[in-house]
Amino acid sequence: MATERLATEAMHEARRVQGMNDLLARNWWALALRGAAAVMLGLLAFLLPGATVATLAVLLAAYLLMDGLFAIVGGLRAAQAQERSLPFILDGVVSLVAGAVALLWPEASLFALIFVIAAWSVITGFAKIMTAWRMHRTHGKWAWGVAGALSVLFGFGMWVLPSLGLLAVALGVGSYLIAYGALAIITAFRLRRCLHDRNHHSNHGNAVAAE
């Protein structure tokens, strides 16, 4: 009985993991948009070397609000499909809160902006690692895991940058967003390829069955 129960639980867990991976694959476009937005904002940070704290806050707020919205949509879809939704919702809520703080408090001090960025980066980084842990290797597991680890390291590293000045903060944020965005895009297109292969095999199987 114990063996059968363990086998049943293992099968159920495998189905949940597969379900989460299928959900990620179907929503690859959302992750691609998040990555593209991060790259664009990162490049903008490099093009505005004389940006003020308020300017950086508004640009970052726009990205965080959009990123949080896409993450929460993914979480709600996961919940509707009775899949694990906590990492997505955690990622989204933290991004929305950080974005709202940056948008409503654009005249905050450099220290306050650094605190918001660092807290957001560390918390969402762990959420990404949680998601990557349950992803299949073919679905971009390594890229999303690296993106999560990069977010965590960047968050802790943000406590050092303020001592180097606002320019260092802008360049640091820009470098992180470009690297993170590239990893997100890589993950998204891996998910897209897996979805295409899965649909191809499914259609091929249906055609064979019909014959």
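Me: Which residues have the most contacts inside the largest nonpolar core?

Reply: Tyr-63, Trp-144 and Met-158, in a core of 37 residues. Bear in mind that this is a predicted model: local features need pLDDT of at least 70, side-chain atom pairs count only at pLDDT 80 or more, and totals for chains, interfaces and linings use all residues. Numbering starts from 1 along each chain as its sequence is written, and side-chain values use heavy atoms, with hydrogens and water left out.

Me: What makes a set of residues a nonpolar core?

Reply: They have to be buried Ala, Val, Leu, Ile, Met, Phe, Trp, Tyr or Cys residues, joined through side-chain atoms within 4.5 Å. Helices 2 (28–47), 3 (53–80), 4 (86–104), 5 (110–133), 6 (141–157) and 7 (166–210) each put in at least two residues. Helix 7 gives the most, with eleven.

Me: Which residues does Trp-144 touch, leaving aside neighbours within four places in sequence?

Reply: Contact just means heavy atoms within 4.5 Å. By that rule Trp-144 meets Leu-31, Lys-128, Thr-131, Ala-132, Met-135, Tyr-180, Ala-184 and Thr-187.

Me: Why is Thr-124 called buried?

Reply: Because its relative accessible area is 1%, and buried means under 20% (over 50% is exposed, in between is partly exposed; 1.4 Å probe, protein chains only). So Thr-124 counts as buried. Leaving aside neighbours within four places in sequence, Thr-124 is in contact with Asp-91, Val-94 and Ser-95.

Me: What makes the pair Ser-121 and Thr-124 a polar contact?

Reply: The backbone oxygen of Ser-121 lies 3.4 Å from a polar side-chain atom of Thr-124. The cut-off for a pair of N or O atoms is 3.5 Å, with one able to donate a hydrogen and the other to accept it; residues adjacent in sequence count only if both atoms are side-chain atoms.

Me: Why is Met-130 called partly exposed?

Reply: Because its relative accessible area is 30%, which falls between the buried and exposed limits. Met-130 sits in helix 5.

Me: How many helices and strands does the protein have?

Reply: Seven helices and zero strands. Both are DSSP runs numbered from the N terminus: helices are H or I with at least four residues, strands are E with at least two.

Me: What share of the residues counts as buried?

Reply: Of the 211 residues, 45%.
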